[in-house]
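Here are a few friendly notes to read alongside the model. Please keep the structure open as you go through the points.

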Amino acid sequence: MSSTTQKKRRTLPQLAADGFAALIEKLGVADAIRFLHLYDHGHGDYTSERSQWLDRLSAEEVDQLVAKAAKKRPRNK
């Protein structure tokens, strides 16, 4: 950090409380809760499961999938 004054690092509970307080300040209680409901940690173990689908694809197939996804993505103007 280039700042001459450094903030004391928050604990995770402090960070959660401060973050939620900021959401409430900006969005209000109801919308802050609705916002938090948008997030889902999912399930499973990506690291161990990725080989089940990734190992079946060749590098060329991965390139084709990436190119196909890029064509579908809207461009920013």
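1. Let's start with a pair of charged side chains: Asp-18 and Arg-10 join in a salt bridge, with N to O at 2.6 Å. The term stands for a side-chain nitrogen of Lys or Arg within 4 Å of a carboxyl oxygen of Asp or Glu. Asp-18 is partly exposed at a relative accessible area of 39%, and Arg-10 is partly exposed at 42%. Here buried means under 20% relative accessible area, exposed means over 50%, and partly exposed lies in between (1.4 Å probe, protein chains only).

2. Before going on, a word on the source: this is a predicted model, in which local features need pLDDT of at least 70 and side-chain atom pairs count only at pLDDT 80 or more, while totals for chains, interfaces and linings use all residues. Residues are numbered from 1 along each chain as its sequence is written, and side-chain values use heavy atoms, with hydrogens and water left out.

3. How many salt bridges does the rule give? The count comes to 2. Asp-31 and Arg-34 form a salt bridge too, their closest N and O atoms being 2.8 Å apart. These residues sit 3 residues apart in helix α2 (residues 29-37), so about one helical turn separates them. Asp-31 is partly exposed, with a relative accessible area of 34%, whereas Arg-34 counts as exposed at 58%.

4. Now for the overall layout. The protein has 4 helices and 0 strands, and its pattern along the sequence reads α-α-α-α. Helices (H or I, at least four residues) and strands (E, at least two) are DSSP runs, numbered from the N terminus. Of the 77 residues in the protein, 3% are buried.

5. Please look next at how α1 meets α2. The axes of helix α1 (residues 12-27) and α2 come within 7 Å and cross at roughly 125°. That angle makes α1 oblique to α2. Axes are lines fitted to C-alpha atoms, for helices over the stretch in contact, and angles run from 0 to 180 degrees between N-to-C directions. Under 35 degrees counts as roughly parallel, over 145 as roughly antiparallel, 65 to 115 as roughly perpendicular, and the rest as oblique.

6. Which residues make this contact? From α1 come Phe-20, Leu-23, Ile-24 and Leu-27, and from α2 come Val-29, Asp-31, Ala-32, Ile-33, Phe-35 and Leu-36. Contact means heavy atoms within 4.5 Å.

7. Finally, a closer look at one residue of helix α1, Leu-27. Leu-27 is partly exposed, at a relative accessible area of 35%. Leaving aside residues up to four places away in sequence, Leu-27 touches Ala-32 and Phe-35.
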